[in-house]
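Colleague: I have a model open and want to learn how to read it. Can you take me through some features one by one?

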Amino acid sequence: MAHEQPVQNSLKPGRWVNSSCKMCLHSCNTRVHITEDGIVNKIEGNPTSPSNNGRLCPKGNAAIMRHYDPTRFRTPLRRTNPDKGPGVDPRWEPISWNEAFDIVARELGRIRKEDPRRLLTSISNFQKGFLMAWPAAFGTANYFSSVGNFCGGGYHPMNGFIHSAFAAANDVNYCDYWINNGGGDGFSSHLHTAAQANHVANARVERNMRVVVVEPRLSIGAAKANEWVPIRPATDRQFALGLCHVLVYEKLYDAKFLKKDTNASYLVGPDGYFVRNAEGKIHVWDARDNRARLWDDPDLKELALEGTYRVDGIECRPAFQRFKDILADCTPQQTERVTTVPAATVQRIAREFAKAARIGSFIEIEGCLLPLRPAAYNYYRGAQGHKFSAMANHSFKLVNFLVGAIDAPGGHVGVTLDDWKEDIRGGTGEIRPGENGMMQAAPHQLHPEVPFSYPPNETHLAGYFPLGVDPGHLSQYTLARPEAFGLDYRPEALLMCHANPLWNLPGSRQRLYDIMRSLRFVVAVDILPNESNEWADIILPCHDLLESWNMIMIEPPHHEGPCLRQPATPPLYDTRSEEEIFYEISERLGILEAWNGILNGWNGFHLEPELMLEPGRRYTDREIAERKGLLWNGKDLEWYIEHGHAVTPRRPEKWYRPWEGMRLHFYLEDIVRVRDELMRNMEAADVAIRHEWEWYDYQPLPTPALDPVHEEPPEFDLYAVTFKDIQINFGETLSNPWIDDIVFKDPVHTAVLLNSATGRGKGLADGDVIRIESPYGSVVGRVALSQGVHPEAVCISNALTRIATQHTGMRHGGGSFNDLLPANLRHTDACSGQPETVAKVRLTKLASLPAEVVAGNSAYRPRRVH
Amino acid sequence: MAKWGMVFDLRRCIGCNACTVACKQENSLPYGVFFTKTLSEEVGAYPNTTRTYIPTICNHCEDAPCQRVCPTGATYTRADGIVLVDGDKCIGCGSCVVACPYDQRTLLEPEMLTRGLFRNGELTPFEQQGYKRFTAGTATKCTFCHERVDAGLQPACVATCPTEARIFGDLDDPDSKVRRLIQEHRGRQPMPEKNTNPKVFYID
Amino acid sequence: MLSTHFKIVDDDFRVGFRFQKAWGTSMATAFFFGEAGAGLYFVAQFFDFALGMIAGLLMVMLGKGGGHLLHLGRPSRGWRAFTKIGSSWISRGLLAISVFTVFGTLHVFDLHTGLLPQAASWLVAAVAIAACLTIMVYQGFAMSHSSSIALWSTGLMPLASLTYALLNGVVLTLVLGFHAALFADRPETVQLLRIAAVALVLYGVVTILSLLHGAKYGSEGGQESVRLLLRGAFRNWFLALVIGLGFGVSALMMAFAPEGYAVMIAAAGAELTGYYAFRVLMFRAATYDPVMSFAPHFRR
């Protein structure tokens with residue numbers, strides 16, 4: 001076999017370039033091989049990275065097919081087809097950059113002069129997160145997207161409250177008992193999957209870490225777990241409260257931790273506020289001397305966690321007692337009724353969890369003595385994505401609180417988004433002391449609070465969510481009856497960057513399409529066609545992950561340090577970097593200085609004045625990346641080009657008890673204060689909808705109240721949930737042929753999953769066609785019966801939810817799952833902005849799939865029958 | 001001389017198929033062609049259900065039936081145990097495909113090399129540089145990344161596996177990780193009753 | 001019938017049965033012409049029946065040879081298949097076809113012209129028969145040369161080949177020789193051949209049923225193949241064509257039907273139809289066993 005050249009791509013003559021991946025949110029370190037002819041023919045994990053250790057998930061391995069996708073946007077494009085609709089051919093006409101910018105600047109300039117609020121934005125480029133702050137330079141806070149709030153509505157604020165961090169994880173270094181509830185960490189999804197899966201596999205196999213997975217579907221995590229606990233959808237909060245009940249009533253909790261490191265002993269009055277003296281200092285109860293004292297009284301002998309007391313004539317209880325009172329209604333038996341998890345299982349898991357937590361034990365890590373609590377409860381979208389999201393997130397945290405496992409080795413720890421400097425836990429993850437000995441809570445993890453306004457400046461009412469993550473889904477609710485909300489303008493334009501709002505927003509597609517049609521002007525900055533940018537009037541094509549510069553850290557749970565992204569090839573087409581595009585638009589709009597100011601703030605350049613961007617200058621993606629590297633560790637870009645990254649294991653002092661000496665927020669008085677302030681503001685401005693505002697949602701402690709999804713009419717007898725696995729999480733990869741190859745051969749992604757007994761009871765068999773209908777919308781699909789599904793659940797993979805687009809390589813499904821979901825205030829968490837992500841549905845058998853569903857490149861391709 | 005073999009640690013595999021895609025990358029595999037794939041199997045009855053993920057690959061059998069039946073000698077075994085196909089000798093009779101109990105061999109149809117990964121009749125630059133190694137009408141299969149191995153590297157699927165579920169090494173070296181894992185965990189061959197003596201072992 | 005846990009999974013990433021797809025209709029057709037042609041030559045040469053021998057040679061050369069060339073991915077390299085006679089049945093078969101073609105043609109020519117001396121004539125005839133016999137059995141050996149496919153991996157496969165080849169040869173001889181002087185003058189020869197046909201059918205039925213019996217209890221894949229043939233998607237084709245038409249109708253006609261050209265053609269047509277269906281179905285119903293399964297660890 002005589003070949004002059006090797007046949008294996010990584011061995012062909014060429015060069016390797018250190019870079020980082022962008023096939024999902026996160027930035028695993030990679031190395032990219034380019035042949036002598038300039039063709040990218042292999043991408044691998046970078047073995048020098050302690051994070052992903054040379055390994056890559058299937059998405060990272062598929063990046064080459066994004067780079068060479070023939071449907072990539074190659075030049076700026078102008079729409080010539082005035083008709084807009086799903087699957088409608090825009091009939092793009094190539095235009096010059098100058099002409100494209102002229103049009104964009106003209107349209108946006110006019111809006112900015114008349115009323116900048118009329119611009120909706122949908123910017124979801126997390127790896128260049130500073131772009132998400134551009135609308136502030138323009139003067140609009142209108143956010144037309146569910147990115148950040150579909151999965152993280154209550155999640156991010158609560159991480160900010162508890163850990164002063166963006167995300168959270170279980171500490172795989174020391175954990176012995178790992179609970180995953182509605183999240184795939186370490187198995188299929190969420191934070192740096194390739195890295196986390198490595199660490200978790202080692203912990204399970206080498207240290208015998210026990211894994212318990214609580215969710216309605218037998219996910220990858222549940223398949224690898226020691227125990228799968230099936231649970232009725234949208235009842236995870238009650239499961240957590242059931243665990244808390246056992247921990248509290250069987251006295252399995254870490255009292256010392258609660259007393260010393262939290263505000264659980266602070267006295268709370270009947271109005272939900274702490275009991276304060278005239279100077280604002282908070283009272284506690286001294287159990288030994290049986291009297292009230294101030295929290296920092298040097299004569300304090302012993303803090304009381306329980307009891308009812310009177311202080312200055314006011315009846316009050318320690319926050320812990322308030323929680324105990326709530327938990328009286330969360331017995332294992334009650335928990336079983338709500339969740340279908342057997343009471344005995346709730347009890348057993350709570351006891352196992354407490355025992356594994358080894359309350360009272362310590363560990364020395366790098367010379368520092370720390371509490372060791374190797375039991376941790378982790379969770380994410382599936383568990384927290386419900387109406388009472390803030391409460392749900394809080395309840396999961398409290399399970400960890402009770403065994404002392406907050407930010408402790410082996411426990412549940414905060415994860416920062418993007419530390420800026422090596423020597424502080426920078427960015428929004430910075431720890432600051434607050435009032436009365438507590439840590440400063442930092443619920444605004446994504447952007448600063450949007451101020452209250454009436455008439456509302458935002459169609460998605462962001463100003464009414466002072467704690468929340470942008471509830472982009474509410475735009476379709478307000479724009480359907482704008483008078484009721486007092487809206488004094490209508491959106492006219494939409495700017496999208498790296499976004500697909502028509503896929504991610506819950507609610508009615510038709511209403512979204514109506515909004516899109518009502519806009520005069522839509523511009524999209526993107527690389528590939530999708531459901532949303534095919535509505536655009538102008539496409540501004542940008543560089544892809546192999547043609548651009550960036551420096552980013554982005555939520556690695558166990559490591560720190562930035563990852564460089566550098567071009568592997570010159571741009572294949574006439575594309576530009578996002579930085580260049582936004583700088584050009586900003587300069588033409590006259591907001592260049594404001595934009596540079598925002599960039600300085602977001603990227604932390606204000607911490608090192610010599611790195612600051614000058615107000616009137618434009619910078620390349622390379623220059624900004626260089627500054628971020630210098631900011632981190634003083635190393636210049638040449639150093640990063642050679643090494644690819646500055647990733648190291650995160651130092652223990654950065655994530656174990658970084659708040660040492662401060663008290664954590666067991667009880668969230670801030671929520672009560674924010675609620676009352678909002679109420680006052682709405683009252684003063686006479687906001688009409690304050691009478692339908694969901695005031696119950698603001699709870700300083702979680703309650704077991706049922707999410708309203710459980711109260712839909714009884715003929716909707718099942719719960720529809722959606723899910724992703726590692727091939728398709730946190731990104732759009734279904735258009736990639738290598739991902740298509742592995743996803744549409746996986747049985748969980750080729751049909752709607754239904755419990756076998758439930759299906760048979762409805763007269764359904766494998767392969768039958770069904771309509772899945774909620775009170776809000778419907779989709780169709782083909783059924784597969786499974787033993788790995790809760791009897792009341794209907795599981796629809798994200799792989800089956802696309803709508804046919806101009807990218808004919810991407811398979812469309814039976815309709816958008818999000819059509820099944822409501823988009824209204826009733827099913828939105830007023831506290832956090834989280835929309836409900838589960839739908840009650842009923843099933844109807846159909847004779848066959850509708851013609852439009854099986855037309856073209858359908859995920860429900862005809863199956864060969866034997 | 002090494003005797004190369006592989007171990008699949010079923011405790012670790014999460015069925016992500018990163019291996020499958022890494023292999024497609026490394027070997028420029030056309031649409032529908034796989035040198036390795038990870039299967040899943042749902043077992044049990046609700047609520048005592050689980051799913052096992054089972055990586056599969058050419059087993060580079062010591063008594064390879066594909067080599068036995070090959071009429072041209074295109075299929076042969078190297079001294080280090082890697083079973084290869086000489087694309088210049090293969091006539092595409094398909095005997096090896098029906099002889100492999102593990103269904104790990106593929107006949108390259110001409111359409112596979114012309115239709116393209118995006119199935120639009122055009123080959124991307126990646127495919128153009130990669131498909132040169134293939135001859136339409138011949139049989140092909142996993143080569144244990146023979147060129148990477150010769151260069152001292154791990155096979156692409158092994159290198160990329162996020163959970164380290166794939167281990168490659170010298171079965172004749174008593175200190176190698178593959179040997180130790182097979183002995184400590186009673187590694188077993190797939191379908192040993194087929195009498196092919198695979199050099200791939202599964203542990204769990 | 002034992003219940004099987006597995007399903008046909010096509011190319012899905014699931015544990016289950018997969019069909020073999022490498023040997024399709026063109027291969028089945030080549031195999032058909034191989035055993036039909038070789039069998040015809042074999043039977044015909046006992047009667048020095050030139051027409052039969054020529055027809056047999058043509059069927060092998062064009063039908064089998066052509067079918068194989070159509071099937072090969074690189075037919076221009078077909079000559080390479082001579083190189084592994086030591087281990088490969090495909091190689092051996094190609095050698096047999098080549099030898100058969102040359103020596104069979106030579107034998108017919110010799111028969112017609114008396115060209116060769118006595119000893120050489122005998123030798124040529126013997127070599128032609130040996131090569132012919134090889135073709136009649138080697139396809140079965142090629143199919144069973146590996147344990148991979150339970151339906152094929154049986155010692156009965158070469159016997160099935162031989163039985164069918166003889167049966168094909170007998171019925172084709174009866175048809176082609178009907179109007180020949182050879183049979184017209186010797187009714188007892190015709191009778192003998194008809195009895196031989198019935199006997200071979202009986203032998204064939206038992207062979208096929210044994211083959212299925214062994215496959216069913218050989219592995220889960222074999223069980224699935226047999227299920228498909230007897231109760232599943234291929235049931236109609238197998239029972240009606242292979243058993244009913246190919247064995248039943250042809251044997252009954254051979255045993256009881258009156259003399260007549262049309263009768264012979266009908267009977268032969270039934271048998272050959274059944275045989276072709278057998279060849280196709282052996283390929284279509286062939287499955288690979290699942291590589292590994294944990295189903296036995298769990299109860300449904």
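**Reading a covered helix**

Modeller: Start with helix H5 (residues 155-163) of chain A, which is mostly covered: nine of its nine residues are buried. Keep in mind that this is a predicted model.

Colleague: Which residues of H5(A) are buried?

Modeller: They are A:Tyr155, A:His156, A:Pro157, A:Met158, A:Asn159, A:Gly160, A:Phe161, A:Ile162 and A:His163.

Colleague: What covers the buried residues of H5(A)?

Modeller: Several elements of chain A take part. The cover includes strands E7 (167-170), E18 (375-379) and E19 (412-415). It also includes helices H13 (381-384), H14 (389-402) and H24 (669-685). Look just past the helix too: A:Ser164 takes a positive phi of about 55 degrees there.

Colleague: Now a helix pair. What describes two packed helices?

Modeller: The angle between their axes and the distance between the axes. Take helix H7 (residues 187-218) and helix H9 (residues 235-256) of chain C. Their axes come within 8 Å and cross at roughly 155 degrees. Therefore H7(C) is roughly antiparallel to H9(C), since angles over 145 degrees count that way. The crossing of H7(C) past H9(C) is left-handed.

Colleague: Which residues of H7(C) and H9(C) meet?

Modeller: From H7(C), they include C:Arg194, C:Val198, C:Val201, C:Val205 and C:Leu212. From H9(C), they include C:Phe238, C:Phe247, C:Ser250, C:Met254 and C:Phe256. By class, this contact has 13 nonpolar, two polar and one charged residues.

Colleague: Next, single residues in loops. Is B:Thr124 buried or exposed?

Modeller: Check the relative accessibility. B:Thr124 is at 5%, so it counts as buried; the cut-off is under 20%. B:Thr124 sits in the loop between helix H4 (110-115) and helix H5 (125-130) of chain B. Leaving aside neighbours within four places in sequence, B:Thr124 contacts A:Met65, A:Tyr68 and B:Phe118.

Colleague: And where does A:Pro567 lie?

Modeller: In chain A, in the loop between strand E25 (563-565) and helix H19 (578-589). A:Pro567 is partly exposed, with a relative accessible area of 22%.

Colleague: What does A:Pro567 touch?

Modeller: Not counting residues up to four places away in sequence, A:Pro567 touches A:Val17, A:Leu546, A:Glu547, A:Ser548 and A:Trp549. Take A:Leu546: it is 21 residues from A:Pro567 along the chain, yet their C-alpha atoms are separated by 5.0 Å.

Colleague: Last, confidence. What does the model score for ipTM and pTM?

Modeller: It scores ipTM 0.98 and pTM 0.96. For chain C, the average pLDDT is 93, and 98% of the residues score at least 70.

Terms used. Residues numbered from 1 in each chain as written. Chains lettered and ligands numbered in written order. Predicted model: local features only at pLDDT ≥ 70, side-chain atom pairs only at ≥ 80, totals over all residues. Heavy atoms only, no water. Axes fitted to C-alpha atoms, helices over the stretch in contact; angles between N-to-C directions. Helix = DSSP H or I, 4+ residues; strand = E, 2+ residues; numbered from the N terminus. Parallel < 35°, antiparallel > 145°, perpendicular 65-115°, else oblique. Left-handed = near helix turned anticlockwise from the far one by under 90°. Contact = heavy atoms within 4.5 Å. Nonpolar A, V, L, I, M, F, W, Y, C, P; charged D, E, K, R; others polar. Buried < 20%, exposed > 50% of the residue type's maximum accessible area, 1.4 Å probe, protein only. pLDDT = per-residue confidence, 0-100.
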